[in-house]
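Take a walk through this protein, from the whole fold down to single residues. Start with the picture below.

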Amino acid sequence: MVAAPSPPQQGQLERTLTTPKIVFMIIAAAAPLAAMVSTVPLSFSIGTAASVPALFVFAGLTLLCFTSGYAAISSRISHAGGFYTYIARGLGRPAAVGGGLIAVIAYNTVTIGVLGAFAYFAQSVAAAHGLDWPWEVWAAIGLVLVGVLGYRHVELSARVLSVFMICEITVLFALDVAVLVRQGTSALPAASFSAHNVFSPGLGVSVMFAFASFIGFESAALYSEEARNPRRSVPLATVIAVILVASFYGFTSWIAVGAVGPGHVRGVATRHLDDMFFMLSDNYLDSAMTTVMQVLLCVSVLGAWLALHNAANRYMFVLGRDRVLPGWLDAVHPRHKAIHRASLVQIVFSALVVAAFAVAHLDPYLNMATSMLGIGTLGVIVLQALASLAVLGYYRKRPGHWWSTRVAPVLGVAGLLTATFLVVRNFSVLTGTSEPAVVALPWLLLIAAIGGVLYAYWIRSAHPRRYAALAHTENAGDDGAPAAPGAERPGVRPYTPAD
């Protein structure tokens with residue numbers, strides 16, 4: 001067996017992130033306000049209506065099972081590669097390269113999808129208040145803002161995202177309290193959790209939307225090399241994020257059912273797909289708070305865009321460092337200590353996609369956002385399933401807690417494979433179109449996976465030292481022993497160009 005080399009230290013990421021900052025970034029990626037305003041009414045309308053809150057709870061419990069295993073492996077392995085690294089440790093390097101390419105596609109496409117949603121909502125909200133600019137202008141403004149923040153140290157993004165998240169959760173919490181005060185206990189109808197409603201027509205669609213609303217929570221591991229205490233912060237931040245997001249989604253959607261009435265929620269949501277929560281704000285708060293909610297919706301989507309942009313950058317950075325992608329992506333800005341080249345590539349790629357959709361006169365939401373979010377969501381769910389399998393593989397011959405390393409990952413795999421099946425089966429519903437080119441997008445992930453596996457085998461044959469260095473970590477991880485002093489080198493280049 002070829003041993004992994006110990007190369008010289010190169011560009012290094014700074015360890016400045018604390019657990020709260022990581023929590024802010026990964027919850028911001030899930031965009032709580034945007035999920036409530038744009039996804040929940042659609043799930044009410046074409047899904048299971050009154051039982052949507054129960055399915056948010058189901059998705060949260062499934063992802064907690066995933067998180068148990070994810071936390072167990074992340075407490076031993078600290079690496080900016082996230083899924084890519086964990087899959088390498090549990091399923092082997094060929095599977096990791098395939099998973100890494102899926103991650104690059106998934107996070108880049110979901111970032112572009114959120115870009116389209118931001119352009120759409122910003123244009124709509126601004127036009128309603130007298131500022132009628134084309135969506136392309138708002139897309140350009142967003143690209144500049146995200147580009148500037150992405151080019152700077154991640155600490156700045158963490159501070160901005162913490163403000164965004166607190167504002168959007170505060171306004172929804174104010175609506176929740178207003179409904180509770182007026183409606184009393186009827187604001188929390190038991191019908192939302194009755195078996196009759198849960199297992200009604202549209203179950204698959206609501207489960208799909210529930211899982212899609214959590215996208216981004218799993219990105220904590222990508223900040224391992226920038227966390228002050230990664231073995232504590234990464235697993236803790238992930239668990240906190242899942243619990244908070246699941247509780248918030250379940251409670252707020254339950255309040256919405258109570259505000260409208262279980263028997264009326266489908267009809268009201270169908271008539272008010274775009275403004276159901278704005279209507280509730282008008283009824284239970286006032287028009288001024290509705291205006292604040294509209295502005296914060298744009299802020300929420302922008303925050304998700306920034307968080308997902310940072311996640312996409314880190315996958316490109318790590319795969320560049322391992323020469324799976326071009327090596328020049330492996331660069332840390334000498335002054336800002338930011339992953340600046342990968343950030344610029346992501347911004348340029350997004351700008352080109354925006355230009356293509358604009359030239360084709362396609363809608364930023366109905367065409368760009370839905371198709372890109374659809375493929376990105378599916379890709380992330382597949383990666384979560386692979387990561388759960390990787391936990392089982394990693395702990396197959398290692399000691400570990402029976403729940404977090406055996407039972408929970410099995411339950412996570414079962415739930416995530418179910419979600420994968422439902423997303424593929426309902427892909428036209430998730431994307432809002434039955435266009436053959438869009439419906440065929442899931443094949444892109446399969447092609448990337450197969451291509452990645454074959455590419456890894458070619459690397460093993462042609463460049464064995466390079467292969468041995470794929471997803472290489474110099475810290476504790478394989479056996480859980482403490483790292484030797486000076487052994488953790490987060491900015492290490494795994495091999496020299498001569499290899």
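What percentage of the 499 residues in the protein is buried? Buried residues make up 60% of them. Here buried means under 20% relative accessible area, exposed means over 50%, and partly exposed lies in between, with a 1.4 Å probe and protein chains only.

A word on the source. This is a predicted model, in which local features need pLDDT of at least 70, side-chain atom pairs count only at pLDDT 80 or more, and totals for chains, interfaces and linings use all residues. Residues are numbered from 1 along each chain as its sequence is written, and side-chain values use heavy atoms, with hydrogens and water left out.

Now the overall fold. The protein has 20 helices and zero strands. Both are DSSP runs numbered from the N terminus: helices are H or I with at least four residues, strands are E with at least two. The radius of gyration is 22 Å, close to the 23 Å of the globule rule for 499 residues, so the protein is as compact as a globular protein of that length. That radius is taken over C-alpha atoms, and the rule is 2.2 Å times the number of residues to the power 0.38. The C-alpha trace spans about 65 × 50 × 45 Å along its principal axes.

Next, contacts. A contact means heavy atoms within 4.5 Å. Of the contacts with a separation of 6 or more, 83% join residues 24 or more positions apart.

Zoom in on helix 16, residues 402-425, where Thr405 sits. Is Thr405 buried or exposed? Thr405 has a relative accessible area of 2%, so it is buried. A polar atom of its side chain lies 2.6 Å from the backbone oxygen of His401. Neighbours within four places in sequence aside, Thr405 is in contact with Ala72, Val391, Leu392, Tyr395 and Gly400.

Finally, look at two loops. Ala31 is in the loop between helix 1 (19-30) and helix 2 (32-46). Ala31 is not a glycine, yet it has a positive phi of about 50 degrees. Its relative accessibility is 7%, so Ala31 counts as buried. Ala49 lies in the loop between helix 2 and helix 3 (52-74). Ala49 is not a glycine either, and its phi is positive at about 60 degrees. With 8% relative accessibility, Ala49 counts as buried.

How values were computed: Polar contact = N/O pair within 3.5 Å; in protein donor to acceptor, adjacent residues only side chain to side chain.
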